[in-house]
Amino acid sequence: MNKSQNGRIVVTGASGFIGSRLCDYLESHGEEVVALTRKSELQKTSVAVDLVEGSLHDNFLHGVRVIVHCAARAHVTREYSSEPMSEYRRMNVDATLKLASQAARSGVQRFIFLSSIGVNGNSTYSDFHPRSPLIFDESLTPSPHDMYAISKWEAELRLWELQRETGMEVVIIRPPLVYGPGAKGNFSTLLDWVSKGAPLPLKMVNNERSLLALDNLVSFIEQCINHPKAANELFVIADGEDVSTAELLRRVARANGKNARLVPFPVSLMFLMARILGKQSVADSLFGSLKVEPLKAKRLLGWKPVVTMDEQLRKCCEPVGRKS
């Protein structure tokens, strides 16, 4: 039986890094997908909508089985707003609840919200955070440190309230840094460093960080769409291959057919310099540890990663337009 006969799946943020890959993946697995995007950039059927200012037509969600909400205001490199927290809340909290409320009224069965491991905190362990817990899982008390993570946490709380009031199933996923072809942000910066062959003073960094391959994330979302046991659950998710920043750079370089040019430099000094320059979050990402244990996803849903880190990194380094 074709999965699409069970109802359509709406994906928000469908022109983005995660949303576009998710749409392709779901369609290749027999799902009928409706792509919601603020700009109709997809060549496939897409619907342009402003989730902040506007609402969907009353009958738009008729026949929709699941909404996967990927759209969000993420970390902004150059902040334009004089009240950035208000902007994060407007998109990540208010727009999310507007969409979820309409979904509940329209009889949508399940609402999947892509949150962030930042809701748990920004570091699990490092020489500079010795009292932090060793591993993030679903049982830990949230401790968001930045505006993005705070807004995601507030949205989670509102979604659980809506679930209790309406009975619509809610699934929340907290991924760490997601990497894959087309990734932006910190991962894109790492790729740029390696491709330029710049010497990097990171040889002595011996942290442990969990990451999530894009292909692994979309496969997990597909299980959250269809698995009955995913209903009303929170999941942290990761590849299961924790690496140091130095090791990640070596793997990226190897995928590029190059050697990473890493030189030794005291980590404590770099951390101090970053704090003086107001780059605490950058220091945490480069030098701190963030370990995620996705045991619940494996035990409850039987999920397994579909690609290794090295396989996904090779896809990242393929020439644009080449098919894997």
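**A walk through the model**

Modeller: Asparagine 232 counts as partly exposed because its relative accessibility is 32%, and please keep in mind from here on that this is a predicted model.

Colleague: Where is asparagine 232 in the fold?

Modeller: Asparagine 232 sits in the loop that runs between helix H5 (214-226) and strand E9 (233-236).

Colleague: And what is the phi of asparagine 232 like, positive or negative?

Modeller: The phi is positive, at about 60 degrees, although asparagine 232 is not a glycine. As background, most residues other than glycine have a negative phi.

Colleague: Which residues does glutamine 163 touch, if I skip those up to four places away in sequence?

Modeller: Glutamine 163 touches Met168, Val170 and Asn232, so the asparagine we began with, which counts as partly exposed at 32% relative accessibility, is one of its contacts. Glutamine 163 itself belongs to helix H3 (residues 147-166), and it counts as buried because its relative accessibility is 16%, with the cut-off for buried being under 20%.

Colleague: Switching to strands: how many residues of E4 are buried?

Modeller: Six of the six residues in strand E4 (residues 64-69) are buried, so the strand is mostly covered under the 20% cut-off for buried residues.

Colleague: Which strands does E4 pair with, and in what sense?

Modeller: Strand E1 (residues 8-12) pairs with E4 in the parallel sense over five bridges, and within that pairing isoleucine 9 stands opposite valine 66 in E4. Strand E5 (residues 110-114) also runs parallel to E4 and is joined to it by four bridges, with isoleucine 67 standing opposite phenylalanine 111 in E5.

Colleague: New topic, salt bridges. How many does the structure hold?

Modeller: The structure holds 15 salt bridges. In general, side chains of opposite charge can pair when their charged atoms come close. One of the bridges here is formed by arginine 89 and glutamate 154, whose closest N and O atoms are 2.7 Å apart. That pair links distant parts of the chain, since arginine 89 is in helix H2 (residues 84-105) and glutamate 154 is in helix H3, 65 residues apart.

Colleague: Are arginine 89 and glutamate 154 buried, exposed or in between?

Modeller: Arginine 89 counts as partly exposed because its relative accessibility is 34%, and glutamate 154 is partly exposed too, with a relative accessible area of 22%.

Colleague: What about glutamate 156 and arginine 174, buried or exposed?

Modeller: Both glutamate 156 and arginine 174 are buried. Their side chains meet in a salt bridge, at 2.7 Å from N to O. This pair, too, links distant parts of the chain, with glutamate 156 in helix H3 and arginine 174 in strand E6 (residues 169-174), 18 residues apart.

Colleague: How far apart in helix H4 are lysine 196 and aspartate 192?

Modeller: They are four residues apart in helix H4 (residues 185-196), so about one helical turn separates them. Lysine 196 forms a salt bridge with aspartate 192, and the closest N and O atoms are 3.2 Å apart. Lysine 196 is exposed, with a relative accessible area of 61%, whereas aspartate 192 is partly exposed at 34%. Elsewhere, salt bridges that share partners join Glu241, Glu247, Arg250, Arg251, Arg254 and Asp310 into one network.

Colleague: And leucine 202, what is it in contact with beyond its neighbours within four places in sequence?

Modeller: Leucine 202 is in contact with several residues, including Trp193, Leu249, Met270 and Phe287. It lies in the loop between H4 and strand E8 (212-213), and it is buried, with a relative accessible area of 4%. Leucine 202 is also 8.7 Å from proline 266, C-alpha to C-alpha, although the two are 64 residues apart in sequence.

Colleague: Which residues of H7 are buried, then?

Modeller: The buried residues of H7 are Val267, Met270, Phe271 and Ala274. They cover an arc of only 100 degrees around the axis, so they are on the same side of H7. These buried residues pack against H8.

Colleague: What comes after H7?

Modeller: Glycine 278 follows H7, and its phi is positive, near 75 degrees. Leucine 277 is in the loop between helix H7 (267-276) and helix H8 (280-287), and it counts as exposed because its relative accessibility is 65%. Leucine 277 also belongs to a nonpolar patch on the surface, together with Phe265, Leu269, Leu272, Met273 and Ile276, and the patch has about 590 Å² of accessible area.

Definitions and conventions:
Residues are numbered from 1 along each chain as its sequence is written. This is a predicted model: local features need pLDDT of at least 70, side-chain atom pairs count only at pLDDT 80 or more; totals for chains, interfaces and linings use all residues. Side-chain values use heavy atoms; hydrogens and water are left out. Helices (H or I, at least four residues) and strands (E, at least two) are DSSP runs, numbered from the N terminus. Buried means under 20% relative accessible area, exposed over 50%, partly exposed in between (1.4 Å probe, protein chains only). Patches are made of residues with over 30% relative accessible area and no salt bridge: like charges are joined within 9 Å, nonpolar side chains (Val, Leu, Ile, Met, Phe, Trp, Tyr) within 5 Å. Accessible areas come from the Shrake-Rupley method with a 1.4 Å probe; for residues, only the protein chains shown count as cover. A salt bridge is a side-chain nitrogen of Lys or Arg within 4 Å of a carboxyl oxygen of Asp or Glu. Two strands pair if DSSP finds at least two bridges between them. Contact means heavy atoms within 4.5 Å. The arc is that of the directions from the helix axis to the C-beta atoms.
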